[in-house]
Amino acid sequence: MSLEKNALNALIWWPVLAFVILIALPRKRTPESYKKWAFWLSTPPLIVSALLVVAFQNAGWVAQAGEPYTVLQQWFEIANLKVNYALYVDGLSLPLIALTALITTLVIMYSNIEDRAQEYYALFLLLEVGMIGTFLAVDFFLFYVFWEISLVPMYFIIGIWGGSNREYAAIKFFLYTLVGSVAMLLAFIWIWMTVPIKTLMFVNIGDAPSLIGQTSAAVRAFPGLALAAWWGIFLAFAIKVPTWPFHTWLPDAHTEAPTGGSIILAGVLLKMGGYGIFRILLPVLPEQSYAMRMALLVMAVVGVVYGAFVAMAQTDLKKLIAYSSVNHMGYVMMGIAAAAAILHPDATEGQIRFAQVAASGAIYQMLAHGFLTSGLFLLVGVIYDRTHTRDLSAFGGLGQNLPEYAGWFRLFVFGSLGLPGLAGFIAEFLVFMGTFSSDAPGGMEFRVGSVIAGLGIVVTAAFLLWTIQRVLLGPLNVRWAKLPDVALRERLPLAILAILALVFGIFPNLLLATMQSYLNALPTLAVGASAVGM
Amino acid sequence: MFPQNMLMPPGGADLKSILPELVLIGLGCLLLAWEMVRPRDRVAPAWIAIVGHVGALAALAPSYQMVTEKGFLASAEDALVFFHGNVVLDGFGIAMKAVVIVGSLLSLLVAVKYSERFRNPAEFFALVAFAASAASLLTVSADLVMIYLNVEFLGLTSYILAGYLKFQPRSTEAALKYFLYGAVTAAIMLYGMSFLYGMTGSTNLYAVPGEDIRTPLGPALLALREAPGGAAVILVSLALILVGLGFKTGLAPWHQWVPDVYDGSPLPVMAWLSVASKAGASAVIFRVLLVGIPPEAWVGPVAGIAALTMTAGNLGALMQTNIKRMLAYSSVAHAGYTMMALAAAGAGVFQPAGAGTSGVSVWQLGGVPVYLSTYVFMNIGALAVVTAVYARFKSHNLADYAGLVRRSPGLAWLMVFFMLSLAGIPPTAGFWGKFVLFAAVLQAGPQLVWLAIVAFINSVISVYYYWQVVRAMFLLEPISDEVVTPGPELRFTIALATAGTLAIFILAGPFMTLFRIH
């Protein structure tokens with residue numbers, strides 16, 4: 001097996017090994033030493049993914065660049081089922097994989113857990129297995145295994161090290177996600193039985209058969225069930241994203257999770273949902289996605305506006321950031337709705353172009369939100385560690401004696417509200433450009449939708465600025481007169497996240513280039529549907 | 001020299017066909033003799049019983065060689081029958097036999113140390129061997145009379161086993177309850193069988209070559225259905241027979257005994273009942289309905305029973321704070337899941353090939369044995385952990401598991417693994433088990449989609465209570481710092497169950513090929 005293939009295998013199996021090493025370490029060491037071990041054990045995936053990024057950059061991010069890195073091995077074949085151990089990486093998944101590896105390392109760098117430290121760090125490494133595996137696997141069963149593996153460690157992270165209401169939040173997170181994933185399993189079993197195909201791959205690798213272009217004709221005989229299958233798969237991803245109205249687990253999970261857990265949740269776990277829609281739902285069921293474009297749009301727009309308003313009403317800083325995630329992921333869903341709206345043979349050139357713009361904004365947003373909201377959660381953690389409160393009314397005037405903290409806080413909040421020059425701006429701009437244009441993919445409804453969502457931007461700006469006011473400005477609460485400013489273990493992750501947000505805010509082409517080959521392939525999904533004469 | 005088939009005509013008494021049962025009965029007799037000579041011995045009889053079970057498993061080899069040519073579930077007209085139509089050999093029967101014997105074997109491993117609580121350990125092991133022979137023979141019984149006799153033999157031995165802690169009132173109560181229920185339902189079943197015999201003149205499920213007098217039940221009932229009132233008679237006798245078989249399998253609405261009896265029984269007996277006895281009973285339900293009774297009559301009722309059983313089991317388990325009762329209710333739920341495969345297979349039988357389906361599929365026929373063999377490993381694994389904790393705390397309260405991970409991390413993590421498997425979450429055997437059942441039921445076409453949705457809701461409910469165990473072990477503060485250290489036999493059992501649960505997940509392909517899913 002070549003070096004390239006080993007790179008993908010290493011991305012999955014190294015964290016497994018790291019997890020095993022960490023739990024095998026003798027107990028009763030200091031928390032610091034477990035942290036050190038975990039930190040160094042988490043770096044190889046980061047290095048490997050960085051090397052992959054460099055290789056892809058040199059190859060120009062074309063889809064073929066992924067070919068040498070493909071792993072396709074039969075797991076087993078019985079009756080009419082063939083399951084592959086298939087790993088694949090392209091411009092859509094690689095940035096997310098790199099983000100996962102980076103955020104994992106940053107979280108370990110930031111954490112200073114005292115209680116049950118060995119388990120804590122080990123669980124983050126196990127979580128990394130699930131997350132990277134989800135982004136790498138392109139056979140449904142393998143994907144499903146990793147998707148579920150990521151559940152268990154997160155349950156423990158919230159449930160063991162979380163806040164006062166942690167048990168409720170943890171089981172809610174677990175059950176919600178599980179509802180979605182079992183629905184997805186049922187939907188895929190139905191698709192497998194209805195489509196005359198033995199493998200459930202959702203990427204074309206070599207000449208191995210995949211579901212792309214295969215499903216539309218076969219499921220057309222059962223329109224009701226096909227739509228039910230679409231909703232089954234969508235449910236899994238919509239809960240993860242989370243999109244309104246499937247978001248109710250998120251405020252609890254985010255708020256109760258320890259800071260490290262919140263960062264991973266916001267930074268990576270939510271992206272698994274958006275990634276799943278782009279990678280699986282749209283390609284596998286293009287016709288049904290097209291039919292549901294308005295439902296997608298409505299959920300997206302409500303998410304944007306509702307998320308913003310609810311965030312505004314919060315008095316808990318962490319909950320406020322959590323609801324701002326609902327708002328931000330709404331933009332991702334808007335881009336997805338626009339992409340779904342062109343999965344139709346009659347889509348015009350212009351519509352396709354603008355849908356690609358909107359979809360690129362959605363993918364951009366996944367990464368931008370990964371940098372910015374992770375940073376915000378980290379900042380919440382910083383202040384909570386010092387004050388043991390997250391009550392917005394308890395703060396005020398922190399800018400006076402925590403100048404560095406105030407600087408970081410402003411930077412990330414402005415990034416979050418879409419200040420030009422930071423990555424969030426590019427993402428939101430692209431989404432609105434794609435949906436509001438005169439040639440908008442979904443027609444007039446999408447333009448109206450984007451106008452309403454524009455309202456969300458205003459509210460977002462309002463509540464974020466208000467947050468700055470309530471935390472940093474005004475008279476200093478004397479209780480916080482002697483707080484220490486940002487420490488090194490906090491500064492480093494913040495700096496890295498800020499640099500990334502800046503770089504991708506100023507040089508959008510760096511990231512836009514990565515998703516180009518995926519976006520080019522997007523309209524061809526509808527061609528598969530038309531071939532049978534729609 | 002005579003050719004083989006003249007010495008041993010088809011349908012004749014080929015002892016090779018029941019070799020595992022003969023081994024088990026021999027084992028039981030040996031253990032009884034041992035008990036007479038050395039009544040207080042515990043370790044030696046335990047290991048004799050275990051080795052005997054391994055021997056019984058090996059004794060399956062000749063039957064396996066005999067059937068490799070035939071279909072997985074023999075059809076009424078073309079079957080390999082012995083003893084004048086009392087025993088049939090097919091892939092399904094052998095697979096279920098293997099499940100029974102492996103389940104019994106693993107239960108014995110749980111019992112090695114536990115049996116120090118018994119007055120007559122050797123007698124206990126002898127009873128397990130006899131019960132195993134009955135459950136094993138049940139999987140290949142091909143005649144209603146034979147089935148009835150086996151159900152009764154299995155019942156009688158199980159009643160004694162349930163009450164084996166004879167100085168514990170709960171154990172005695174369990175035995176009595178089990179006995180009363182069992183006696184009544186068996187009588188009702190016999191009544192139903194008499195209807196069938198009266199109307200068709202036959203009790204045999206399979207045609208016996210060379211003995212043309214009796215038409216097998218299936219074709220006879222097909223003819224009866226056309227006669228006026230025939231369909232009603234079939235329905236009545238079906239309902240009566242289902243009472244008996246449903247009771248044995250623990251299906252709703254005849255499942256109320258399960259939590260009480262499992263809870264009152266000694267732990268190894270609970271393990272035995274939940275895997276070996278259930279496998280035997282599931283096998284016979286599957287065979288009688290699929291081979292003997294026209295599916296139009298029972299697909300709807302069985303689907304309803306499946307839905308009812310899984311829902312009753314899961315809702316019951318939700319409320320439990322006693323882990324033994326919780327696992328008993330969960331066992332009811334799992335019986336409900338397996339019945340999905342039966343309903344699906346029945347729907348497949350009269351489904352015209354073509355419209356999205358292709359008659360009975362390998363997934364539908366293999367569903368029950370695949371699922372139950374995954375269940376054997378994960379359930380025994382969980383029960384072995386329960387046994388280890390019980391040995392330390394002498395109670396089955398969920399509260400005893402608080403903070404277990406701080407005291408015995410290995411045990412706690414393995415318990416998580418078994419709970420994941422019971423909930424059907426990968427990377428465990430339970431995932432493929434659930435997959436096969438979902439595949440079977442969706443393959444039956446749109447008419448059973450509702451059952452898949454009920455199962456979907458139930459899967460989610462079940463996660464909640466399995467996760468209560470995980471929550472206790474990981475999230476709650478330990479109430480004591482006592483370390484749970486399972487003895488060597490329990491450690492071996494847990495290791496075996498873990499290996500099985502993981503190996504079935506990874507080697508799902510070769511594993512399912514064993515059940516003719518290939």
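Is Lys113(B) buried, partly exposed or exposed, and at what relative accessibility? Lys113(B) counts as partly exposed, at 40% relative accessibility. The close-ups below come from a predicted model.

**View 1. A salt bridge joins Glu116(B) and Lys113(B).** The closest N and O atoms of this pair are 3.1 Å apart. Glu116(B) has 45% relative accessibility, so Glu116(B) counts as partly exposed. Lys113(B), at 40%, is partly exposed too. Across all chains, the structure holds 25 salt bridges.

**View 2. Arg287(B) pairs with Asp90(B) in a salt bridge.** Their closest N and O atoms lie 2.9 Å apart. Arg287(B) belongs to helix H12 (residues 267-292) of chain B, while Asp90(B) sits in the loop between strand E2 (87-89) and helix H5 (91-114) of chain B, so the pair ties together parts that are 197 residues apart in sequence. Arg287(B) has a relative accessible area of 0%, so Arg287(B) is buried. Asp90(B) is buried as well, at 0% relative accessibility.

**View 3. Asp263(B) forms a salt bridge with Arg170(B).** The closest N and O atoms are 2.5 Å apart. This pair links distant parts of the chain: Asp263(B) lies in helix H11 (residues 257-264) of chain B, and Arg170(B) in helix H8 (residues 169-200) of chain B, 93 residues apart. How do the two ends stand in accessibility, buried or partly exposed? Asp263(B) counts as buried, at 7% relative accessibility. Arg170(B) is partly exposed, with a relative accessible area of 47%. Both residues belong to a network of salt bridges that also links Glu173(B), Lys177(B), Asp260(B) and Arg325(B).

**View 4. Helices H14 and H18 of chain B pack against each other.** Helix H14 covers residues 323-349, and helix H18 covers residues 429-443. Their axes are 8 Å apart and meet at an angle of about 30°. Angles under 35 degrees count as roughly parallel, so H14(B) is roughly parallel to H18(B). The crossing of H14(B) and H18(B) is left-handed.

View 5. Most peptide bonds are trans. Where is Pro253(B)? Pro253(B) lies in the loop between helix H10 (230-249) and H11 of chain B. Pro427(B) is found in the loop between helix H17 (409-423) and H18 of chain B.

**View 6. Ala79(A) and His388(A) have positive phi.** Most residues other than glycine have a negative phi. Phi of Ala79(A) is near 45°. Ala79(A) sits in the loop between strand E1 (71-78) and strand E2 (81-87) of chain A. With a relative accessible area of 21%, Ala79(A) is partly exposed. Phi of His388(A) is near 60°. His388(A) occupies the loop between helix H15 (349-387) and helix H16 (398-401) of chain A. His388(A) is exposed, with a relative accessible area of 59%.

**View 7. Four residues of chain A make a nonpolar surface patch.** Leu502(A), Ile506(A), Phe507(A) and Leu510(A) form the patch, with an area of about 360 Å². Phe507(A) is found in the loop between helix H20 (488-506) and helix H21 (508-521) of chain A. Helix H20 of chain A also holds Leu497(A). Is Leu497(A) buried or exposed? Leu497(A) is buried, with a relative accessible area of 2%. Leu497(A) and Ile336(A) are 161 residues apart in sequence, and their C-alpha atoms are 25 Å apart in space.

**View 8. Ala56(B) is buried in helix H3 of chain B.** Helix H3 spans residues 43-58. Ala56(B) has a relative accessible area of 0%. Glu21(B) is 35 residues away along the chain, with its C-alpha atom 7.2 Å from that of Ala56(B).

Technical notes. Residues numbered from 1 in each chain as written. Chains lettered and ligands numbered in written order. Predicted model: local features only at pLDDT ≥ 70, side-chain atom pairs only at ≥ 80, totals over all residues. Heavy atoms only, no water. Patch = residues over 30% accessible without salt bridge, like charges linked within 9 Å, V, L, I, M, F, W, Y side chains within 5 Å. Areas by Shrake-Rupley, 256 points an atom, 1.4 Å probe, with all protein chains shown as cover. Salt bridge = Lys/Arg side-chain N within 4 Å of Asp/Glu carboxyl O. Helix = DSSP H or I, 4+ residues; strand = E, 2+ residues; numbered from the N terminus. Buried < 20%, exposed > 50% of the residue type's maximum accessible area, 1.4 Å probe, protein only. Axes fitted to C-alpha atoms, helices over the stretch in contact; angles between N-to-C directions. Parallel < 35°, antiparallel > 145°, perpendicular 65-115°, else oblique. Left-handed = near helix turned anticlockwise from the far one by under 90°.
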